[in-house]
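Reader: Before we discuss the terms used for this model, could you show it and then say what each term rests on?

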Amino acid sequence: MTVHNLYIFSRNGVLLYYAEWNRLNKSGITKEEEAKLMYGMLFSIKSFVNKISPLDPKEGFLYYKTSKYTLHYLETPSGLKFVINTDNISQNVRQLLQQLYSQVYVEYVVKNPFCQLNEPIQSEVFKSKLDELIKKSPIFLNRSL
Amino acid sequence: MKPQISDLKSHTSGSSGEADESLFEYLHAEIMNYVVSKNVPMNKDGEENLTRLEHMGFYVGYRIIERITREWPRFKEELDMIKFICTDFWPPLFQKPIDNLKTNHQGIYVLQDNEFRLLKRLGNNDSKQYLCESPRLIAFTCGLLRGSLANLGIVSIVKAEMTSLPSCKFHVEVQRV
């Protein structure tokens, strides 16, 4: 099991934070362009899922899976979007995203009076706590692929 | 919708909900930002003028000590009062007692908190990132200490010292007349 990378987007689509751990394939475009592309796709999937759903979509879009990786998506009621790419056998990734939101983002960004909300996150404590959370989770298993 | 509402109620009836803990921190942060945005003039050494925050802390401390000491007998000496501040005054306000108290027995006390509540979200493991902004978060507490000591009959000067972030030392200098 392994965690590839993580994006955090604000309600308006600003890339607040990006981190990567085991990413073998680079997109070949800049981080900004990649973030726009990613946000655009998520936005489209979200509206697609909600429109096409034959039943009440409730939470809507949760994840998608390809033959190689799975993209997990968590959106809070305030519009923050947490996106994490893992391999296909990882379990309980949603729980990890919830933890990331409540134990790291709220604690070290929202409660830090010097962090501007809706702007890219600069706090070093946030970075180290996030890295710690991901690395100690059972999903993260550093394996050379 | 109904189950959610009842759920919410049972949650908030608990003694320490999320709001209880964080309300003070958010309000304190906003007061700090307000005061800092209001005073443009800096004093000579390039330090920010934080006296207004310190004054607010003073009056809060002056009032709060009245309530907190009501169950207590009179203190015998100065050291007892300082000890009271460390062990009984600090925990209800900052969720933990002071970690270390030093004194030279001549009116100088050093109170050290290794994980000060208002600083612990800003840094860990000696991070220096927010070190120059952090006095803003401390000024109120310095005033709080000075005010509470003033109402116990100790006139003092309180200064704070920070070298690595979640920890903070308060120097209390008692003024003898």
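Author: A salt bridge is a side-chain nitrogen of Lys or Arg within 4 Å of a carboxyl oxygen of Asp or Glu, and by that criterion the count between chain B and chain A is one. The model is a predicted one, in which local features need pLDDT of at least 70 and side-chain atom pairs count only at pLDDT 80 or more, while totals for chains, interfaces and linings use all residues. Residues are numbered from 1 along each chain as its sequence is written, chains are lettered from A in the order in which they are written, and side-chain values use heavy atoms, with hydrogens and water left out.

Reader: What makes the pair E107(A) and R121(B) a salt bridge?

Author: The closest N and O atoms of E107(A) and R121(B) are 2.4 Å apart, and the cut-off is 4 Å, so the pair counts as a salt bridge.

Reader: How do you know what area is buried between chain B and chain A?

Author: Buried area is the accessible area (1.4 Å probe) that two parts lose on being put together, summed over both; for chain B and chain A this is about 1400 Å², of which carbon and sulfur atoms give 56%. R121(B), Q129(B) and Y130(B) supply 43% of the area that chain B buries against chain A, more than any other three residues.

Reader: Why are α3(B) and α5(B) called oblique to each other?

Author: Helix α3 (residues 51–68) and helix α5 (residues 135–151) of chain B pack at an angle of about 40°. Angles under 35 degrees count as roughly parallel, over 145 as roughly antiparallel, 65 to 115 as roughly perpendicular and the rest as oblique, and α3(B) and α5(B) are therefore oblique.

Technical notes
Axes are lines fitted to C-alpha atoms, for helices over the stretch in contact, and angles run from 0 to 180 degrees between N-to-C directions. Helices (H or I, at least four residues) and strands (E, at least two) are DSSP runs, numbered from the N terminus.
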